[in-house]
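Please keep the sequence and the model in view while reading.

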Amino acid sequence: MSEIYFDNAATTRVSDSAAKAAFDVMTSFYGNPSSAHAKGLESEHILKKARSSVMSAMGFTPKDGTLLFTSCGTESNNTVFFGTYEVFGKRKNNIVISDSEHPSVEMCAKELEKKGVEIRRIPTKGGVLGLDFAEKAIDSRTMLISCMLVNNETGAIYDIKALDAIRKRNAPDAYLHTDAVQGFCKLPYSLSCLGADLISISGHKIHAPKGIGGLFIKKGIRVPARIIGGGQEGNLRSGTENLPGIAAFGMAAEEYMKEKSVRLELLKELCSHARESFEKNCPYVLINSKENFAPHILSISVPGIRSEILLRFLSEKGIYVSSGSACSSKNADNRVLSNFGLDNKRADSTLRISFSKYNTKDEIDTLIKAIDEGNNTLIHTV
Ligand code: PLP
């Protein structure tokens, strides 16, 4: 059975070049970057090169700040929340986030709430960040403003630049963080233009392996060390670096830089083709993502059919999609879709189709036929 993979917002296939970069580090350039001999220096060079490649794919140079390699986007987000609290916790009392953050932000906020921090959540109904609310919520006692760039369940793009403008007016010394795990390499502009002090990214969403992430830290911003020991990563994250993952992340970022316009064009074409084909062939399908959302995520609802049932039906045919988001599907949590404005019935019948450079229009046609077959044969229960 051939496989069709439409779950690229959950994770992507590692590119051949990224896999080779990791393989080469494991088998040939296996020195410890902290060792003083030639084998160590060779590895240190690989580490530096990868850092520079990922930073330049984000639109930064070393004079803008530093990129801390972490184990994943979740760790980057945790570092931001607990680090910021350590810096400001005694002087400031609130954090402003959106109401549709990934659990790796939402749960950190909840944890700090237990310590007495007030969490203010900006509404994101219809995928639009409530800037009027933000204007009132961000004040001189705000320590951190944290808002994702692209929503992982709907593809909505949030206006981080507008948040920066509000921060500058209302809370100039608060940190501005964006979780750009879904936005990195998926939008035509670079992350450097957003005005954020802290930016989380993750390798496995851009064809690098799982287990490698990054946190950009703007020059002058202090986030205390979370893992202490040998002083690696500028004393911010001790422990011998995951050099195979780092080299692969660097390679995936370089490939993105080379193919940027072709890749973005392809994602847009795939997304438009899917929209048009659903409208033409399955008019009962409700499309939740709007035209101006990120091109790699398309959220749809198939009224009456519980998403897990349709997901399994498609999976048996070798077609892989997600219900809502990979994380929330396991926890039966409709928080994000409900804040987006979907009622429970519609949220329960929502699928997330997410594209990458490896997908084709033919695969979309096969998916649409399979969804139509599912609609005609499966029992409608919601
Ligand atoms: N933030 C967003 C928006 C995500 O979509 C994800 C993963 O799906 C994460 C954070 C967590 O990233 P990681 O899987 O690298 O921990």
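A polar backbone atom of Gly73 is 2.8 Å from an oxygen atom of the ligand, a polar contact in the sense of a pair of N or O atoms within 3.5 Å; inside the protein, one atom must also be able to donate a hydrogen and the other to accept it, and residues adjacent in sequence count only if both atoms are side-chain atoms. This is a predicted model, in which local features need pLDDT of at least 70 and side-chain atom pairs count only at pLDDT 80 or more, while totals for chains, interfaces and linings use all residues. Residues are numbered from 1 along each chain as its sequence is written, and side-chain values use heavy atoms, with hydrogens and water left out.

Thr74 places a polar side-chain atom 2.6 Å from an oxygen atom of the ligand. For Asp179, a polar side-chain atom lies 2.6 Å from a nitrogen atom of the ligand. On its own the ligand has 390 Å² of accessible area, and the protein covers 90% of this (Shrake-Rupley method, 1.4 Å probe; for residues, only the protein chains shown count as cover).

The largest nonpolar core has 60 residues, and Leu163, Phe184 and Ile201 have the most contacts inside it. Such a core is a set of buried Ala, Val, Leu, Ile, Met, Phe, Trp, Tyr and Cys residues joined through side-chain atoms within 4.5 Å, where buried means under 20% relative accessible area, exposed over 50% and partly exposed in between (1.4 Å probe, protein chains only). Helix 7 supplies the largest share of this core, eight residues. A second, separate core of 28 residues includes Phe6, Phe278, Ile319 and Ala370.

His207, in the loop between strand 7 and strand 8, is not a glycine but has a positive phi, near 75°. Glu233, in the loop between strand 8 and helix 7, also is not a glycine and has a positive phi of about 50°. His207 is buried, with a relative accessible area of 5%, and Glu233 is buried at 10%.

Conventions:
Helices (H or I, at least four residues) and strands (E, at least two) are DSSP runs, numbered from the N terminus.
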